[in-house]
Amino acid sequence: VAVFGAPNEFGLDRWQTFRQTPGTLAGMYSARGNAEVRIMMGFESPGLRYDRHDAGAQKRLVADAFAGAGWCVPRLLELMADAPDFYFDSMCQVRMAEHSRGRVGLVGDAGYCASPLSGQGTSLAMVGAYLVAGELAADPDDPARALAACTARMRDWVVANQQLALVAAERTRERVDGAATMESLDEHWVASAANGIVLPEYPLPVPGEPSRA
């Protein structure tokens, strides 16, 4: 998947639009008060070998994948060529049995990336940060134990949201191939995965009292 910004010459007003074909997805959504758009261009492929420091080579991979495509894809490729904020990487997940080792803990995509296909990356990161801060404050004498408690609280929820991404990818493929409808990814199930964690309430710090964490 490639992501980059561009001026909103498409007139999108708090809106997003995407074009799907077998093996490709291209689209955009408005940003920064509709002044800009964020463009996403993704394609299916076997594992790719490329120089991660060579943005030009990465842009050529995207251009080759979308060669001959219709809609406004040719214009998106033109905008990509000059994009200074171009980002390119595989769509992947990070699956770890534990999110910490000793006093070192991972939060967000570093520990439990579900991929953009889940739509839950920001939620996972913010909930993880909340739990890390809360558990460290609740158990300041043993950071390793506090961080392990975060993993225990989040594990099932992380797995559910990672599975959500895998199902979303499969249903998207089915929809493009005509074997499923937009409603095939059950909204109740999506909401259940997204809201499937109960956050504990941690005591607020006492004003003026130094933190032991």
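Contact here means heavy atoms within 4.5 Å. The model shown is predicted.

Figure 1. From the N terminus on, the elements run β-β-β-β-α-α-β-β-β-α-α-α-α. Of the 213 residues, 34% are buried. Among contacts between residues at least 6 apart in sequence, 61% join residues at least 24 apart. The accessible surface comes to about 12900 Å². Carbon and sulfur atoms account for 55% of that surface.

**Figure 2. Five strands form an open antiparallel sheet.** The strand order is β2-β3-β4-β1-β5. β2 (16-21) and β5 (87-88) are the edge strands, and each pairs on one side only. β1 (residues 2-7) pairs with β5 over two bridges, in the antiparallel sense. Ala2 has Phe88 of β5 as its bridge partner. Helix α1 (residues 55-65) packs on this sheet. Helix α1 touches β1, β3 (24-31), β4 (36-43) and β5, and its direction makes about 70 degrees with that of β4. Helix α2 (residues 73-81) packs on the sheet as well, touching β1, β2, β3 and β4. For α2, the angle to the direction of β4 is about 105 degrees.

**Figure 3. Strand β4 is largely enclosed by the rest of the structure, because six of its eight residues are buried.** β4 is joined to β1 by six bridges, and the two run antiparallel. Eight bridges join β4 to β3, again antiparallel. What stands opposite Ile39 of β4? Met28 does. Ile39 is also the bridge partner of Phe4. β3 and β4 form a hairpin with four residues between them. In the turn, Arg32 has a positive phi of about 50 degrees.

**Figure 4. The buried residues of helix α2 line one face, because they fall within an arc of 160 degrees seen down the helix axis.** These buried residues are Val73, Leu76, Leu77, Leu79 and Met80. An α-helix has 3.6 residues a turn, so residues three or four places apart point the same way. Which elements are included in what covers the buried residues of α2? The cover includes strands β1, β2, β3 and β4, together with helix α1.

**Figure 5. The largest nonpolar core has 22 residues.** Phe4, Ile39, Met41, Val62 and Phe66 have the most contacts inside this core. β1, β3, β4 and α2 each give two or more residues to it. Which element gives the largest share? Helix α2 does, with five residues. Leaving aside neighbours within four places in sequence, Ile39 is in contact with Ala2, Val3, Phe4 and Ala6, with Gly27 and Met28, and with Leu76 and Leu79. Another core, of 13 residues, lies apart from the largest one. Among the residues of that other core are Val127, Leu147, Met154 and Ile197.

**Figure 6. Gly119 sits in the loop between α3 (109-112) and α4 (121-138).** Is Gly119 buried or exposed? Gly119 is exposed, because its relative accessible area is 59% and the cut-off for exposed is over 50%. Gly119 and Ala194 are 75 residues apart in sequence. In space, C-alpha to C-alpha, Gly119 and Ala194 are 9.2 Å apart.

Methods: Residues numbered from 1 in each chain as written. Predicted model: local features only at pLDDT ≥ 70, side-chain atom pairs only at ≥ 80, totals over all residues. Heavy atoms only, no water. Pairing = 2+ DSSP bridges. Axes fitted to C-alpha atoms, helices over the stretch in contact; angles between N-to-C directions. Buried < 20%, exposed > 50% of the residue type's maximum accessible area, 1.4 Å probe, protein only. Core = buried A, V, L, I, M, F, W, Y, C linked by side-chain atoms within 4.5 Å. Arc of directions from axis to C-beta. Areas by Shrake-Rupley, 256 points an atom, 1.4 Å probe, with all protein chains shown as cover.
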